[in-house]
Amino acid sequence: MHKQLYKISTTLRLSVVYVLAMLAPLAFAESNAIAADATRVSIIDSGSMLPEDNYAPRLAPEEAFKAGPGSRRPEPDLWSELASAFHLLENAPAEPLAKPIARYRKQVNILKTLTSRSDPYMAYIVRQLRARDMPLEIALLPMIESGFDPFAYSPGRAAGLWQFIPMTAKHVGLRLTWWYDGRRDLIDGTNAALDYLSDLHRRFDNDWLLALAAYNAGARNVHRAMTRARRNGKEPTFWNLRLPAETQYYVPKLLALATVVQKHQEFGLVRPRLSPQQHFVSVATGGQLDLSQAANMAGITADELYRLNPGNNRWATDPEGPHRLLIPVTSQALFLDRLDQLQRQPRVDWHRYTVNKGDSLLELAAKFNTDTRTIQAVNKLKHNTIRVGQILMVPVSRQSGGYSLTEAQLAAAQIQRVKMPSHSRIFYTVKDGDSLWKIGRKFRVSYVQLKRWNKKTDRDVIKPGDKLVIWRYREDDGNDNGLAGGPGYRRTVHYSVRNGDSLDAIASRFNVAVNDIVEWNDIDPKKYIQPGQKIKLYVNVTGA
C-alpha cells in the first residue's frame with residue numbers, strides 16, 4: 001500500500017515539474033509584454049488593480065451577505081476604510097455640525113447618491129490624499145463643491161469637481177485652452193486642488209480647517225478674520241472666526257458629511273459598498289487623438305470616454321497635450337493593442353482646403369470646428385494672413401453629430417432645457433452681412449449678451465445659416481430690451497438673503513436685472529427683503 005502511494009506521489013510531482021517547465025517560456029514572454037506596456041500605461045494607483053467590470057451592476061450589501069456566514073468573505077469597502085481614518089472630526093464642536101447633520105439625515109438617499117456619483121473618481125482621489133498624507137475627509141470635498149459632477153459650473157464661473165474659477169486655475173497652473181479645460185480634468189484638477197490645499201495648510205500654521213475655509217473664501221478673508229479674532233482676545237481657530245455666511249457653513253457641512261459616512265448606522269441611513277479598486281488607467285497617446293476614434297479603440301461609447309476625460313472641450317484631445325487618456329481597466333488591453341496598430345494610421349482626419357476669396361483663419365477655424373493656432377501650427381504659418389489659392393490642411397472630426405458632453409454641446413443642451421417664466425426664446429438664422437453687433441442692435445440686446453447666450457468668444461465667427469438663441473420678454477413683440485445679463489448657459493440658483501443684502505446688490509452680484517428678480521419671485525419691490533429669505537434666480541454660469 002505504501003509503495004503504491006509513493007509511486008502515485010512521485011508521478012504527481014514529476015507531472016507538476018513538467019507543466020511548470022512548459023509554462024515558463026510563456027510566463028517570461030508575458031512579463032516582457034507587461035514591461036513593454038508599462039512605458040505607456042500609468043496605473044496612478046499604489047493599490048492593486050483588479051480586472052473589474054466598471055459598468056456592471058454591483059451587488060447591494062444585503063445581497064452580498066445574504067448567503068450567510070462562511071459562504072464568502074466580505075468585499076472590501078472604501079467607505080469603511082475612510083470612516084476609520086477620519087480625524088478632523090475629533091475636536092469639532094457639536095453645535096455647528098448639528099444643523100447640516102440634520103439636513104443630511106433627512107436626505108435618506110444621501111449616501112446612495114454620494115456613492116454612485118463618486119464611484120468613478122473616489123479611489124483615485126483617496127490614493128492621492130494618502131500619498132500626500134492629507135486628511136481623508138478632503139475626499140468628500142467634491143461632493144460639497146460640485147456634487148461630484150466634473151461638468152458642474154457655478155454662478156461665479158467655477159468649473160470641475162473642485163470648482164476652480166479661471167483666475168485661481170491659472171494661479172495654480174491649470175491650462176485653459178480652446179481644446180482643453182484643466183479644471184475639469186480628473187488628474188490635473190485633483191492635483192491642482194491638493195497642491196493648493198497643501199499650500200494653504202502651510203500658510204495657516206498647519207491648520208486644515210483654516211485651509212479649507214481659505215479654499216472657499218480666499219486666504220485674504222481668512223487672514224482678516226483671524227486678525228479680528230486676535231483683537232477681540234480670541235484664539236484664531238476656525239470656530240472663533242467671523243467669516244462670510246457661506247464659509248461659516250462650508251467647513252461644518254464637510255465635517256457633517258464625514259460624520260454621516262462614519263455613523264450611518266446610528267442615523268438609520270444605508271451606505272452602499274464603494275469599491276477601493278480604481279476604475280481606470282492613464283494611457284499615453286503620443287499625440288492628438290480623435291475622441292471618436294479613441295472610444296472605438298477602447299470598445300466604449302464616446303460619452304463614456306468623455307466622462308473619464310471631461311477636460312476635453314472638443315472632438316479631439318489638445319494638440320499641445322496632455323497626450324494621455326483615462327481608459328477603463330477592462331478596456332486597457334484592447335486599447336493598447338489598437339494603439340499599436342494606430343502607429344501606421346492617421347490619428348485625426350485631415351481636409352485639404354483651397355483658400356477662396358474672403359476666407360480668413362477665423363472663419364476656417366469656425367467652419368471646421370478647430371482653432372486658428374492649430375491651423376497655423378500644422379501649416380507652419382507665421383502670421384494670420386492667407387492668400388487665395390493657398391492649400392491648407394485642416395483637422396476634421398470623424399463623428400458628424402458631435403459629442404453630447406463637449407463644452408459647446410453642454411451649453412447648447414442647457415439653453416434648450418432652461419425655463420424662464422418671464423421670457424421667451426427665439427431662434428434667429430444668421431443672414432449675409434450679419435454680425436453679433438448688428439443682430440444685437442436689431443433686437444435691442446447687447447453684444448455681450450448674445451455671446452453668452454450662444455457660447456461665443458471674440459474669436460468665433462458667425463456664418464449665414466447659423467442659428468442663434470435670443471431671449472426676450474414674453475409680452476414684447478420683438479422690439480424689446482431683452483433680458484439683462486442674459487441666460488446663456490443658465491441654471492436655477494436658490495439664494496438665501498444675507499445681512500446687508502438688497503435687490504440691487506443681489507442683481508449686481510449675479511448679473512441679472514432687479515425687475516427680473518421681482519418677477520421671478522413675486523416680490524414687492526417697495527418692501528425690504530429679509531435675511532434668510534429664499535430667492536430663486538436664473539443666472540449665467542459661464543460666459544465672458
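Is Arg184 buried or exposed? At 1% relative accessibility, Arg184 counts as buried, and that is where this tour of a predicted model starts.

**View 1. Arg184 pairs up with Asp181 in a salt bridge.** The closest N and O atoms of the two are 3.8 Å apart. Asp181 is buried too, because its relative accessible area is 4%, under the 20% cut-off.

**View 2. Helix H6 (residues 122-132) is mostly covered.** Eight of its 11 residues are buried, among them Met122, Tyr124, Arg127 and Leu129. Who are the neighbours? The buried residues of H6 pack against helices H3 (78-83), H5 (110-118), H7 (141-146) and H9 (186-203), plus strand E2 (280-284). Just after H6 comes Asp133, with a positive phi of about 60°.

**View 3. Arg132 and Asp195 meet through their side chains in a salt bridge, 2.7 Å from N to O.** This pair ties together distant parts of the chain, with Arg132 in helix H6 and Asp195 in helix H9, 63 residues apart. Arg132 counts as partly exposed at 30% relative accessibility, and Asp195 does as well at 41%.

View 4. Arg203 is partly exposed at 41%, and so is Asp199 at 27%.

**View 5. Arg220, Arg224, Arg228, Arg231, Lys234 and Arg242 make up a positive surface patch.** Look for Arg242 in the loop between helix H11 (219-231) and helix H12 (245-262). With 62% relative accessibility, Arg242 counts as exposed.

Terms used: Residues numbered from 1 in each chain as written. Predicted model: local features only at pLDDT ≥ 70, side-chain atom pairs only at ≥ 80, totals over all residues. Heavy atoms only, no water. Patch = residues over 30% accessible without salt bridge, like charges linked within 9 Å, V, L, I, M, F, W, Y side chains within 5 Å. Areas by Shrake-Rupley, 256 points an atom, 1.4 Å probe, with all protein chains shown as cover. Salt bridge = Lys/Arg side-chain N within 4 Å of Asp/Glu carboxyl O. Lys, Arg positive; Asp, Glu negative; His and termini not counted. Charge placed at Lys NZ, Arg CZ, Asp CG, Glu CD. Helix = DSSP H or I, 4+ residues; strand = E, 2+ residues; numbered from the N terminus. Buried < 20%, exposed > 50% of the residue type's maximum accessible area, 1.4 Å probe, protein only. Contact = heavy atoms within 4.5 Å.
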